[in-house]
Each structure stands twice: as structure tokens, then as C-alpha cells.
Amino acid sequence: MSAETVCDPEELRTLFLFEKLDDEQLAWLCRDGHVEVIEPGPVYHEGDPATCFYVMISGEIALTKLSGGQEIETVRSDHAGAYAGAWGAYLGDRVEQTYGGSMYVRKTARFFVLDAGTFARMMQEWFPMAVHLLEGVFLGNRNSRMIIDQRERLLALGSLSAGLTHELNNPAAAAVRATSLLRERVAGMRHKLGMIAKGKFSPATMEALITLQEQAAEQVAKAPILTPMEESDREDALGEWFEEHNISGGWDLAPTFVQAGIDTDWLDRVEATLADTQDFVFEGSIRWLNYTIETELLMNEIGDSTTRITSLVNAAKQYSQMDRAPFQVVDVHELLDSTLVMLARKIGDSIEVVKDYDRSLPPVPCYAAELNQVWTNLIDNAVGAMADTDGGTLTIRTYLENDCAAIEIGDTGTGVPDEIKSRIFESFFTTKAVGEGTGLGLDISFRIVVNKHHGDIRVESEPGNTRFIVRLPLTAPERERDDDEGN
């Protein structure tokens, strides 16, 4: 509830903002503005169009900002002259003209109120030099931030591209190697078929051998996973079996049969099946089975390698959000998994990755590609914090907290000292050595989470247990929801 009262130029002169104005300027203010009494309650809300500039004459106000879907009080004042509202109106349409926070009256207050357009005209006419300076500071800082942000993204992209290339090279090289070996094994099987064609194997032997071949292929598919000790013991046992049965080079055949899950009992059944054949037929049969097993194993290796390549490409597409709308509703776990794939090389083998996902977590409305940048920055920092600890544990945890999705990224590194916790989200603040960090990763993350998603990001840390906690609202802001529906 509000009511207008008479504007007195002399009363305006008592406010520090207007104390240097002359009589004509004060009269102009009273003519184009007005004094308004506002009872306790909201005056304007964050994100609303910025229509007025308020200067408090008396009373008490509180200013708030949204964080994690909740309003956090940032200022409470009863100081005459405190101002808020459309103070950036003089920048015109070069910036978004919305209220950057909310204002509440706590005790009945009187305000001098100027329409945003009137305030902008006043500033431009009375203080043109000051406006130019302020424009330079505001727009210059924004442009510098955009350029540096882009450079930071390019540096991160270069690092990720190098890691992805390395990750793709491994399965690609494995597939090429397996294909080359497979060609050799198929050539060996053609040679054996030539022997068969010459009649060295009887039809009965061939029928038995084909049955054994099918059994060996099936055995490859269900081969158990063995420990190195179990593998070594089985190779010794098979090597001795081949040696006892006069199979030349038997010790070289043993590892292949072990990979297929074949033991001496299975070979005893082979021997019983081929009991009536000559020695050279028996040895040829063993080598035929070896070719069969090697062929199956190599085809499995090629399949695994190409599947790995496909998975990496899909992860890269998920990470970059290629061909997807900027704002969408997604499973946050897919974003986290794709980021882990992209950073796999940097994480390395010495760091254990633990995923503690709450799979019942609802989808999150978000700018997915930008959230991936947040995960990249936080995981990169976590890995860096464990660089001097000879390994460690990276924990990614998700859970529901009130109306927010909470994502924790924790590490067992050295921790964040108490004296710098309040500064780690500042631009250009870094604890890394010169040349190793720009101090922008956490600043960018903060702006993406807080400013763009209206969420919250905090750190809790002690030596051996540091956790960055990101909270994201599960309900899209009205503006993004409308944009999404319009696409």
C-alpha cells in the first residue's frame, strides 16, 4: 500500500545524492518525480522490468537476492538517502533493464521516486561525462569478462580435445591391431581347410571337430574373469597338458585357451572325442580350435573397441550438447557421466571415482552445455587438489534437497584454507601457481549456477574432505519456460 505526498526540494537537498544540486535541479526533480509513502511489504521483485529509481527519505528497507531458489537478504538499511531500483537505466537498451534483486519495506518508508526513463534523461543531461565513465566501466568490464570467458572456454576445449583424441586413439589402435591379427588367423584357418580338402581328416573327425569348434566359440562368450594369480595357474596347467600330449609350442597356446575359459577338463573331453585319430590329426585339431578361439577373441576385441569409440563420440556430443536446444530438461546424471568421460585422461588411474547417484532425482531444467562447464571446472579443481597426495577419491553425489537437485563434487585433497573460502568465487582469484590457473573457473561456475540458473554453489572443506555443493531449482524460471515452449 502506498500514497503520494508533497515533494519538498529542501528535503531532497538533505539527501547525500542530491546535496550538490542547485535550486533549479531540485525543482526539476520535484516536478518530474514524486514522494511516495509505502507500507511494509514488497516494492519490486528480482527479474521484474526496472521501471523506477527509489531514494529512501525515511523508514527501513531490505534488499534481497535469489540463491538456490531462496531469497537471501543482502542489505538492510534505515539510512536516509539509501537508493535502489533502476539505477542502470542510463545504460539504455545495451543492458537488460530488469531489477537485479528484490526490495522490501520493513518499516513504513517515504521514498523519492523517479521513473526509469526520467532518471536516465537526468543522468545523461546533467552528468554526461559521468555517464560516459560509468558506461566505460560497466560495458568495458562486461566485454573484458566475455573475452576472457571465451578464452577460458577455448583453453578448456583444447585440453578436452587433446584428452578425447588420446582416448579415441587407444580403441582405434586396438581395433586396427586386432583386425591385422584376425587376418592372419583367418589365413591360418584357410590353410587348415586346404589340409582338410586333401583328405587328411576323415568325415567323422570333421563332424566331431566342428562340434568342438562350436563349443569353443560358446566357451569364449561365457569365459570367467580371472585374477592374475588364477590366470597364471591355469596357463601353467594347460602348458603342462600340451607338453604331456606332445603338442609343439603348447606353452604359447596356453594363454589363448585360458582367455576363453578353457581348462584341462575341457581338453580331456576333446582328447576323448578324438581318441581314434592319428597324432598329427589330434595336434591339427588343437591348432584348429586355437584359431577358432583367437578369431572369437579378436572379434570381441574389435567389437569392444568400436563400441568404446561410439561411446566416446556419444559422450562428446552429450558434453557439447551438439544439435540440442540451449535450454532443456535433462537427467543431470547424463551430464555428469559425459563430463567424466571427457576428463578421464586427466583424472587418470591413480584417482578412484565414486558415483553416489540418486537415480530417483527428477530431470533438471537447465542450460545443459553450460552446466557441463561447471562440472568440468569443479572436477578439474578436485583433481588438481589431489595432485600432491599420490591419488585419492573423487566422489560425485546427487540427491534431492527441498525443491532443488543437489550435486556434490568431493575430493580427498589438501582442502581449502578457511581464510580464502570467502574469496574462491572471486574473479581472477586462484591458489594455483603462476601460469597454471586464471582464477576464472569458479567465478564462471558461480555465474552459471547463480545468475543463469538461479541456483546456489557453496564449498565445505577440511583437509581430506572438500565438497563443492551445487543446488539447482527443479522448476524453470518463467522466462526460460516460455522460451522453451516457443521453440
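This tour moves through a predicted model, one selection at a time.

**The whole chain.** Begin with everything displayed, and colour the protein chain by its secondary structure, which comprises 14 helices and 14 strands. Of its 487 residues, 43% count as buried. If you look at the contacts in the chain with a separation of 6 or more, 74% of them are accounted for by residues 24 or more positions apart.

**The largest nonpolar core.** Next select Leu12, Phe18, Leu29, Tyr54, Phe111 and Phe112, which, among the 41 residues of the largest nonpolar core, touch the most other members. In soluble globular proteins, nonpolar side chains tend to be buried together.

Keep Leu29 selected and show its surroundings: leaving aside residues up to four places away in sequence, Leu29 touches Leu12, Phe18, Leu21, Phe112, Leu114, Met122 and Trp126.

**A second core.** Then move to Val332, Ile347, Ala382 and Phe468, which are included in a second, separate core of 40 residues.

**A pair of helices.** Now select helix 6 (residues 228-244) together with helix 8 (residues 264-273), whose axes come within 10 Å and cross at roughly 25°. Because angles under 35 degrees count as roughly parallel, helix 6 and helix 8 are therefore described as roughly parallel to each other.

**An asparagine in helix 9.** Finally, select asparagine 290, which is found in helix 9 (residues 279-320). Is asparagine 290 buried or exposed? Its relative accessible area is 6%, and since buried means under 20% relative accessible area, asparagine 290 is buried. Display the residues around asparagine 290, and, not counting those up to four places away in sequence, the ones that it touches are Leu253, Thr256 and Phe257.

Note on methods. Residues numbered from 1 in each chain as written. Predicted model: local features only at pLDDT ≥ 70, side-chain atom pairs only at ≥ 80, totals over all residues. Heavy atoms only, no water. Axes fitted to C-alpha atoms, helices over the stretch in contact; angles between N-to-C directions. Helix = DSSP H or I, 4+ residues; strand = E, 2+ residues; numbered from the N terminus. Parallel < 35°, antiparallel > 145°, perpendicular 65-115°, else oblique. Buried < 20%, exposed > 50% of the residue type's maximum accessible area, 1.4 Å probe, protein only. Contact = heavy atoms within 4.5 Å. Core = buried A, V, L, I, M, F, W, Y, C linked by side-chain atoms within 4.5 Å.
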